[in-house]
Amino acid sequence: MTKADEKRLRVFHLKCLQRILCIFYPNLVRNEVILQRTGDKDIMDKVRKRKWCWIGHVVRRGDNHLAKEVINFKMEEGGELEDLERLG
C-alpha cells in the first residue's frame, strides 16, 4: 500500500467517525480526539495487524497451497522476465 493510499484510507476512516459522532464542518476537532472519543485506533494499525495475521495463516498452510507458492515464488532461469529483457 502506498503512502497516498494510506492517507486516503485514514481520511475516509476519520470522516466516517466524524459522521458517527455528529461532528460537522464548523466544529473542528483533532483526529486524536476523535479516535480517543470512539476508543478506536489508527486504521493503518488495524491494516498492518490483519496483514501479519494473513501471512501467519498462509505460512501454516500446506506446501502445495497456491498462496504459499506465491509467497515463496522465485523466478527460474529462462523465465518470462529474462525473455522480455532480451527483447527490450
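Biologist: Helices are DSSP runs of H or I with at least four residues, and strands are E runs of at least two, numbered from the N terminus. Which pattern does the protein follow when it is read along the sequence?

Modeller: This is a predicted model, and along its sequence the protein follows the pattern α-α-α-α-α. There are 5 helices and 0 strands.

Biologist: And how many of the residues count as buried?

Modeller: The protein has 88 residues, of which 15% count as buried.

Biologist: Let us take one residue, then. Is M44 buried or exposed?

Modeller: M44 is buried, because its relative accessible area is 2% and the limit for a buried residue is under 20%. M44 belongs to helix 3.

Biologist: How far is the C-alpha atom of M44 from that of H13?

Modeller: The two C-alpha atoms are 9.9 Å apart, although M44 and H13 are separated by 31 residues along the chain.

Biologist: Now the surface. Which residues make the nonpolar surface patch?

Modeller: The patch is made by W52, W54, I55, V59 and I71, and it covers about 550 Å². Helix 3, which spans residues 43-59, gives the most to this patch, with 4 residues.

Biologist: Changing topic: what is the volume of the largest pocket, and which residues line it?

Modeller: The volume of the largest pocket is about 190 Å³. The lining consists of K15, Q18, R19, I23, F24, Y25, N27, L28 and V29. By kind, these lining residues divide into 5 nonpolar, 2 polar and 2 charged.

Biologist: Where does C22 lie, and what is its phi?

Modeller: C22 lies in the loop that runs between helix 1 (3-20) and helix 2 (31-38). Its phi is near 60 degrees, which is a positive value in a residue other than glycine.

Biologist: Is C22 buried or exposed?

Modeller: C22 counts as exposed, because its relative accessibility is 52% and exposed residues are those over 50%.

Biologist: On to charges. How many salt bridges does the structure hold?

Modeller: The structure holds 5 salt bridges. One of them joins the side chains of D5 and R8, at 2.8 Å from N to O.

Biologist: How far apart along the helix are D5 and R8?

Modeller: Both residues lie in helix 1 and are 3 residues apart, about one turn of the helix.

Biologist: What about E32: which residue does it form a salt bridge with?

Modeller: E32 forms a salt bridge with R30, and the closest N and O atoms are 3.4 Å apart. Both E32 and R30 are exposed.

Biologist: And which residue does the side chain of D40 meet in a salt bridge?

Modeller: The side chain of D40 meets that of K46, with 2.6 Å from N to O. D40 is partly exposed because its relative accessible area is 22%. K46 is also partly exposed, because its relative accessible area is 35%.

Definitions and conventions: Residues numbered from 1 in each chain as written. Predicted model: local features only at pLDDT ≥ 70, side-chain atom pairs only at ≥ 80, totals over all residues. Heavy atoms only, no water. 1 Å grid on protein atoms, 1.4 Å probe; cavity = no way out; pocket = protein on both sides within 12 Å on 5 of 7 lines; lining within 4 Å. Points joined across faces, edges and corners; volume = space filled by probe spheres on them. Nonpolar A, V, L, I, M, F, W, Y, C, P; charged D, E, K, R; others polar. Patch = residues over 30% accessible without salt bridge, like charges linked within 9 Å, V, L, I, M, F, W, Y side chains within 5 Å. Areas by Shrake-Rupley, 256 points an atom, 1.4 Å probe, with all protein chains shown as cover. Salt bridge = Lys/Arg side-chain N within 4 Å of Asp/Glu carboxyl O. Buried < 20%, exposed > 50% of the residue type's maximum accessible area, 1.4 Å probe, protein only.
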